[in-house]
Each structure stands twice: as C-alpha cells, then as structure tokens.
Amino acid sequence: MDSIFANVVQAPEDPILGVTVAYNKDPSPVKLNLGVGAYRTEEGKPLVLNVVRKAEQKLVNDPSRVKEYLPILGLVDFYKLSAKLILGADSPAILENRVASAQCLSGTGSLRVGTEFLARHYNQRTIYIPQPTWGNHPKVFTCGGLNVKGYRYYDPATRGLDLQGLLEDLNAADSGAIVLFHACAHNPTGVDPTLEQWEQIRQLMRSKGLLPFFDSAYQGFASGSLDEDAQSVRMFVADGGECFIAQSYAKNMGLYGERVGALSIVCKTADVASRVESQLKLVVRPMYSNPPLHGASIVASILKDKSLYDEWTIELKEMADRIISMRQQLFDALNARGTPGDWSHIIKQIGMFTFTGLNADQVTFMRAEYHIYMTSDGRISMAGLSSRTVPHLADAIHAAVTRAA
C-alpha cells in the first residue's frame, strides 16, 4: 500500500545551504567553501569567542540558575539591552519608553514575528526588498502574509549602489508601504549607502510615509565599530518616526546555533509601544510559545558587564579586521596576477560577503576545476578565506575570467 504522502515531491536544496552539502561530498584536499556566512579563523576553523566561553562558564557555575520557561517575549534584560545596543543608550526612543521589544529566534525569527505583526495590524501588506537581497527574505515575508516587491539596489556595471534607481523605485512605491533595509553590510553585495545617501533615503521615506524595517545581522561585524554600524538605524529613529528592527547575534557574537535575536519596534508614544508589545505576545504564543534561555543569557551577561562587554568589542573588531585584511589580500593577489577587469569593489564592499561579479558559468568552472564552492550569483564569504587559501582563490578567479569568460 502506498504512503499517504506518496505525492510529495522532492524539494530542491536551499541554494545557500546546498553549497555546503556539495562541498562536504567533495573528496579534494584543496576544496574551499565560501558559500555559507559563518566566520572562520585563519586556520579555517569555527570560532567560539573567549568572552562567550567566559560568560557561559559563569552561567554554568551559578547554582541558582534554573531551566524554567522564559516569559513569552523572552529574557527582559536581553531584549532591553539589545534595543540599547542598536539604538544607543541615550536614544530618545529608549529614554521615553517608546520601544516594544521581544527576544526571537535569531534574525530570521525576528523578521518573521515582525512580519506577522504587520500582516495583522498594519494597513499596508506590501514590502519592498532590495534587489538582490538575502535569499530567505522573500520567503519569510511571503509566508508571514506580506506581498513582496523589489526596488533597485545594486548596479552590476559599477558593482556599487544604484542610488538613482533606489530613489526612483521608492518614490513610486505605494504610500505607506514597508521597505526592508540592511542596516549595514548588505548581503549578498557588501554595498552600503554612505551616510549622505542614507539621509536622502530617509527624507524620501518619511515624505512618502513609508515604514522602514531594518535587518541588522552584522552590527560591529562590518566596520569593527558597534556604533558606526548602527548609524543608519539611528538616523531613522532620531527623526521621531516609527520603524522595525530585527537583530541577530549569530555573527557578532558567533552564536549561530544558539538562535539569539531580537525584534524592536520604535513607536510614537510609550502607550502605543505598550499595546504593540501586548500584541507581539499574541503572535509569539501560538508560534513557539516562548524563546530559548541559554543563548539570550549569554548575550545579556556580556551586555550588562562592562569588562565582558569591553572584551567583546575587542574580539569583534579582531574578526572585522581579519575580514578587511582578506579583502585587501585578495585584491592584491588578483592585481599581482594581472587578472583582467577592475577588482577595486572587493576592497570597497564591506562585511562578510563580496559580490565578485563572477557569472554562473565562471562559478561552475571554479567548482569543477579548483574545488571552490560559492553561490551561483558569485557571492563569496570573505570570512571563509585565509592567507593560506587566498592564492588558490585568486588563481581560480584568474583562470575563470581568462578561460571561461
């Protein structure tokens, strides 16, 4: 007798996670995985920050700690401190209690909870997302009940920002629509607006009554400065307007598998924020009841202890600086080989990813001939590179550009 699920078709591999599946099957000793966005040391190993181990040890050694359920919105210290981290402790929104916050399941979960809240309580169901953007964004927003449209963002000709296209598309957007922004270190392109460009975007957004939804997955990880990487968000909060912010601690604390994130909604008044927070509980309760305890406790321990916090900022800058150094080394290696084309975008872009400009055929060539794995759009994770592997990658890019162009 056939299974009642016999008509279920095989789903395709996730385009990003599928890169790792293919990499794991490759027996080559020189294989290199530049697909998934996770930091690696110079030796190519996953990194647990020393400050995270310290905070974790303190938690383990505390006999008063129990494993009771958290409240629906999570660990209060965690989500209050997370809002302060992204908005600034002196933010008027914080001081006036105008922020509704919740601990969520990393960045993805924060986006999803925010999306379901908007689908229930906002008068607009359309969200505009940058083209390109992280592959999971359209799925999260669609599953959460929003209609997804795109706005121009990346200009392949300059390998930089298409500011004119961006402003034109947002100007033509439905009044009141939601607009997704990457707070810093745009994924997959590594291209961010300058502060002057952010100001132009902010003015247009507010004049059109558009609602900003920031995805902040890389605070401190892009430039090495927590404050610098929060400037875009803080500009939109400083004008007194409302906005949504999804935060993740996967990258900047290396807590990938702990699934630690926060959603903060900046409101016009404390009264509105209180009502918004009450409705967030009604989104979360039937979705996963309440969030996990361990990862949020680690983050809260670090954020509220000055010596741990200071240690974190040092380790965070070391990670950011290593990635910046990999950009420079790759750029220099391509120049040394005389690789055709202008590769300056590698050092102009910021954050974990570089949008190389390589096409799908060149990516396929590099996988087949050099055992280098990346997404088909030519995005590479700079965090997966090391001084030892840069020459191999530069050789592969040079060969791909000269032979498989």
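In particular, is Phe353 buried or exposed?

Reply: Phe353 counts as buried, at 3% relative accessibility; buried means under 20% relative accessible area, exposed over 50% and partly exposed in between, with a 1.4 Å probe and protein chains only. This is a predicted model, in which local features need pLDDT of at least 70, side-chain atom pairs count only at pLDDT 80 or more, and totals for chains, interfaces and linings use all residues. Residues are numbered from 1 along each chain as its sequence is written, and side-chain values use heavy atoms, with hydrogens and water left out.

A search of the whole structure finds 18 aromatic pairs. Rings of Phe, Tyr and Trp (its six-membered ring) pair if their centres lie within 6.5 Å; planes under 30 degrees apart count as stacked, over 60 as edge-to-face and the rest as tilted. The centres of Tyr39 and Phe221 are 6.2 Å apart and their planes stand at 90°, so this pair is edge-to-face. Tyr39 belongs to the loop between β1 (32–33) and α2 (50–61), and Phe221 to the loop between β8 (211–216) and α9 (231–238), 182 residues apart. Helices (H or I, at least four residues) and strands (E, at least two) are DSSP runs, numbered from the N terminus. Both Tyr39 and Phe221 are buried.

Phe353 itself pairs with Tyr218: their ring centres are 6.5 Å apart and their planes at 90°, so this pair is edge-to-face. Because Tyr218 lies in the loop between β8 and α9 and Phe353 in strand β11 (residues 353–355), the pair ties together parts 135 residues apart in sequence. Tyr218 is buried, with a relative accessible area of 5%.
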